[in-house]
Each structure stands twice: as C-alpha cells, then as structure tokens.
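Dear colleague,

I am passing on the structure below, together with some notes on what was found in it. Please read them with the structure open beside you.

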Amino acid sequence: MAHRLTDWLAIFAVIVAVATASPACAAEAPSPPREFRAAWIATVANIDWPSKPGLSTRQQKQELIRLFDKAVELNLNAVIFQIRPAADALYQSKIEPWSEYLTGEQGQPPKPFYDPLKFAVEEAHRRGLHLHVWFNPYRVRQSGGSREHSPDHVSQTNPEIVREYGPYLWFDPGEPEAVKRFIDVITDVVRRYDIDGVHIDDYFYPYPVEGKPFPDDESYERAVAAGETLGRDDWRRQNCDRLVEQMYGAVKAEKPWVLVGISPFGIWRPGHPEGIQGLDQYAVLYADARKWLREGWVDYFTPQLYWQIEGPQSYPKLLSWWSEQNVKSRHLWPGNGAHNVRRSADVEPARNAWPAEELINQIKLTREIVEHPGNVHFSMKCLIDNRDGLTEKLKSGVYAEQAIIPEIGWLGGEAPGEPTLSANPNNKGFALKFATRGGAKPWQWIVRVREGDQWKTHVLPGAKPELSVETGRGQHKQVVASAVSRLGLEGPQATFDLQKPK
C-alpha cells in the first residue's frame with residue numbers, strides 16, 4: 001500500500017510539473033542569437049585531420065571526436081569537413097580511391113574498416129553540429145603527395161582529362177568528362193549520406209605558375225571545332241560557370257534541403273570596391289564568383305577574407321562590397337583567417353601575425369554589415385591551438401552564448417510542431433524530455449528556463465531532447481521550449497510550469 005501511495009504522489013508531481021502557463025509568458029522568453037559559426041576541417045596534407053597518415057581506426061576516431069567536442073565547447077554550430085582533396089575519397093566510394101591522407105597509401109581503406117564520413121555525420125549530428133562536406137572539384141594531385149597512385153585513380157584510368165601544371169596534377173575544366181565526374185561524385189555523396197551541406201573552395205583554374213600557361217590547347221581547339229565562338233578566357237570562365245550551376249542543380253535534385261556553399265578567393269577583381277588591391281580571380285582563376293552569387297547558384301557564400309580590417313584588402317570594405325552583390329539574398333558568411341593569428345608560444349611573432357583581437361573584431365564587423373551573419377574559420381587546428389588565447393577570448397566574448405543557424409527560407413520546408421514535455425522528479429529537481437506534435441523532425445531544441453526574472457537558455461541537439469533542471473520543493477520554474485528544423489525554421493513555443501509539491 002505504501003509503494004502504491006508513493007507511485008500516486010510521483011504521478012501527481014509530474015502532472016503539476018507540466019501544467020501549461022499563459023501564452024503571454026512565452027512571448028517574454030529570450031531566444032539565442034542567429035548566426036552560422038563554423039570551422040573548416042582540412043584533410044589535405046593532414047592539416048587538421050587525421051594528424052598524420054597511417055593512424056589506427058581508433059586513433060582517427062578519437063582525433064575527430066576531439067575536434068567536434070572543441071567545436072561544441074566554442075559554441076560553433078557547424079563544421080566543414082574535407083572529403084575529396086585530390087580526386088580521392090575520405091569515405092567509401094566506388095568512383096574514387098581511398099585518400100592517402102588516411103592510411104599513407106592511396107587506395108587502401110582504414111583498418112579495421114570504417115567509413116570516416118558516416119562516422120563524422122553521426123558524431124556531428126549527435127552534438128547538434130551541421131556537417132558540410134568539402135570537395136575540391138579540379139585538383140588531382142596535391143604538391144608533396146605520393147606519386148604512387150592506385151590503379152583506380154583518375155590519373156591512371158582517364159589520363160586524357162588530366163593536366164600537369166607546376167607541382168600539381170589538375171583536371172582540365174574544359175573537358176566535359178571532368179565536369180561529369182565531379183557531378184557524379186557530388187551526387188553519390190548527397191544520395192548516400194545524411195549531410196547538411198556541400199562546399200567547394202577557391203581552386204578553379206589553378207593559381208598561375210609564372211611564365212607557364214595552363215595546358216588546355218587541345219580541349220579549347222576541340223571546343224572551337226565543335227562550334228564554340230568564345231575567346232579562350234571567356235570559354236574558361238564558362239567552364240567554371242557550368243560546373244557551379246550544375247553542382248547546385250544536382251544537389252537540389254537529390255535533396256533540396258542540403259545547402260550548397262562556395263568559398264572563393266576574397267577579391268573578385270582589383271578595384272572592386274575602390275582601393276582594393278590583389279589577385280584578379282576573374283582574369284587569373286577564371287572564376288566569376290560574383291556571377292555565381294548574383295545568379296543564386298549557392299545557398300551560402302563564403303569569400304575567403306583572410307586580410308586585416310585596415311589595409312589594401314580591407315576586411316569591412318570587401319565584405320560590404322560582397323553584400324551589395326548579394327541580390328538574391330543568399331547567406332553571406334565570410335571566411336576568416338584564424339591561421340594568421342600569432343602563435344601563443346612565439347617569443348617574436350611573425351611580422352604579419354595578428355593578435356586574436358583582430359579576428360574577434362572581424363566577427364563583430366560581420367554582425368554589423370551582414371543581416372543574417374556568420375563566419376567560417378580556417379582552420380579547426382588553429383582554434384585547437386588556442387593561438388594568442390583565441391579560444392578563451394572567443395568563448396568569453398563573441399561566442400559566449402550558443403547560437404542557431406539563420407533560417408534558409410528560400411528552400412521551403414516546414415517547422416517542427418509544438419513541443420510536449422514529460423517531467424520526471426528526481427533528487428535535485430526534474431529530468432525533462434521533449435517531443436513534438438507533428439511537423440518537421442527537430443534538429444535542435446531551444447529550452448528557456450526561468451527562475452524569478454532570470455532566464456537561462458539551452459540549445460540541445462535534436463537527437464538528445466533531454467535536460468535536467470534543479471528545483472527545490474515549492475520552488476517555481478518556468479520552461480519555454482520550441483524545436484528548430486535543420487534549415488533553421490523554429491516551430492511554436494510551448495510553456496510549462498515546474499514545481500514540486502511542498
């Protein structure tokens with residue numbers, strides 16, 4: 001009988017805990033900032049991960065988890081993970097061979113076997129991080145890479161579409177088969193993995209080697225013979241345009257909710273805006289990045305603004321100019337050069353090394369210039385290294401609060417439904433667990449807890465809809481909860497009272 005009475009008291013406590021409060025209270029509840037916060041995880045030359053080729057599967061997993069945990073600790077909400085550095089794969093692929101940066105030998109899978117991309121997606125999502133996959137569309141071999149290619153590498157199977165230029169091998173962008181291969185690779189990954197975004201960087205036609213033109217005479221002559229009337233420079237730009245446009249279409253045809261991002265060189269052309277100096281990517285890389293943004297062939301645009309606030313490549317001037325070009329109102333989330341921050345251990349920092357405050361001030365400027373802000377940091381290793389105290393300064397300052405990504409409204413989709421709550425009393429207070437009534441699957445939960453006139457806001461991963469709240473007997477706390485979709489669409493708020501019987 002005593003046990004049965006205890007059970008009834010527990011049930012009564014739960015019922016009291018979830019009594020719905022007035023809608024007016026929910027309107028007062030704060031929301032976390034909206035901001036895309038990401039870092040690149042570069043695998044080429046083992047920049048960020050894995051730390052060296054040939055590590056065991058266990059070591060590789062531990063290192064990647066460490067990077068993801070650091071991202072969560074810093075209140076980032078996304079990572080951009082490089083999976084195709086040089087016509088190879090850091091995932092199980094039937095199109096391209098395993099990357100040498102995993103095992104030290106191209107074509108050799110990890111042992112014991114695992115799929116790094118599948119593992120990365122699962123671990124990122126478990127922590128509430130967007131996982132965007134980063135491809136290089138044209139590089140076939142990185143400088144310093146092994147010259148022993150596996151038999152199924154494109155340099156061996158299709159050498160007619162590969163060109164040697166400087167210390168690298170490249171796909172010829174003028175070869176239709178090179179474009180098709182890239183689209184096939186992208187489509188395969190989007191179809192098979194639960195990724196959140198597809199991302200390419202600034203390598204289009206290669207950065208020039210002095211005195212050496214890119215060797216595409218044959219592909220251009222073949223195009224002219226087939227009726228091409230453009231001059232070679234315009235033809236090269238057209239080749240890059242086609243790849244970008246086809247990439248966007250291919251991703252959306254598979255999964256419309258997967259974001260497409262590009263991080264081009266930060267200057268479109270010198271003099272745009274007035275006073276800006278630097279490389280002319282339009283004329284040298286044949287990348288008309290402004291066109292891609294203006295055409296809306298991206299969901300987010302990340303120009304690599306790896307320069308200081310003051311100078312001939314002024315960060316705020318360039319960011320403002322790119323913002324003016326954003327006529328389709330895509331998201332503009334610039335790339336920031338954390339690699340330029342001076343190392344904490346340097347007795348005499350390099351001449352052009354930055355203090356951490358330079359990067360922090362760039363984040364503040366981004367928030368002033370861009371309507372729906374965000375920043376992507378190169379690279380994760382630099383945040384791990386805590387250069388000039390950067391990690392602590394971010395966490396105690398501009399990244400002190402958790403943030404959710406801005407809405408991606410042009411992709412449609414639906415928001416999650418209204419939350420429901422079960423609240424189980426425990427020794428310290430309540431164990432809360434959330435669910436929704438219909439709508440999109442929750443990607444994240446926003447849980448605001450009020451005691452008196454003080455609010456504390458928590459952003460929880462969709463996969464872990466649980467929160468412990470401390471409260472004494474008779475002490476009243478209010479919870480306002482909502483769910484957010486993968487595209488940043490927030491559903492209705494629901495308000496609950498928590499109070500243990502006195």
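Predicted model: local features only at pLDDT ≥ 70, side-chain atom pairs only at ≥ 80, totals over all residues.

Tyr399 is buried, where buried means under 20% relative accessible area, exposed over 50% and partly exposed in between, with a 1.4 Å probe and protein chains only, and its own relative accessible area is 0%. The residue belongs to the loop between helix 15 (390-396) and strand 13 (419-425); helices here are DSSP runs of H or I with at least four residues, strands are runs of E with at least two, and both are numbered from the N terminus. Setting aside residues up to four places away in sequence, Tyr399 touches Glu35, Arg37, Leu74, Asn75, Leu76, Ile363, Arg367, Asn375, His377 and Leu394, a contact being heavy atoms within 4.5 Å.

Residues are numbered from 1 along each chain as its sequence is written, and side-chain values use heavy atoms, with hydrogens and water left out.

Asn75, one of the residues touched by Tyr399, lies in the loop between helix 3 and strand 2 (78-84). Asn75 has a positive phi of about 60° although it is not a glycine, and with 10% relative accessibility it counts as buried. Ser329, in the loop between helix 12 (315-325) and strand 10 (331-332), likewise is not a glycine and has a positive phi, of about 55°.

Leu383 sits in helix 14 (residues 380-384) and is buried at 1% relative accessibility. Beyond its neighbours within four places in sequence, Leu383 is in contact with Ala39, Leu74, Leu76, Ala338, His377, Leu390, Thr391 and Leu394.

Two peptide bonds deserve a look. The bond from Trp49 to Pro50 is cis, with omega near -20°, and Pro50 is placed in the loop between strand 1 (36-41) and helix 3 (57-73). The bond from His272 to Pro273 is also cis, with omega near 0°, and Pro273 is found in the loop between strand 8 (259-262) and helix 10 (281-284).

As for the interior, a nonpolar core is a set of buried Ala, Val, Leu, Ile, Met, Phe, Trp, Tyr and Cys residues joined through side-chain atoms within 4.5 Å. The largest such core has 123 residues, of which Leu117, Leu131, Phe135, Ile195, Val198 and Leu394 touch the most other members. Apart from that core lies another, of 17 residues, among them Phe430, Leu432, Phe434 and Phe496.

Finally, the overall picture. The protein has 15 helices and 19 strands, and 57% of its 502 residues count as buried. Among contacts between residues at least 6 apart in sequence, 73% join residues at least 24 apart. The radius of gyration, taken over C-alpha atoms, is compared with a globule rule of 2.2 Å times the number of residues to the power 0.38; for 502 residues a compact globule would have a value near 23 Å, and the 25 Å of the protein agrees with this. Along the principal axes, the C-alpha atoms fill a box of roughly 90 × 55 × 50 Å.

With kind regards
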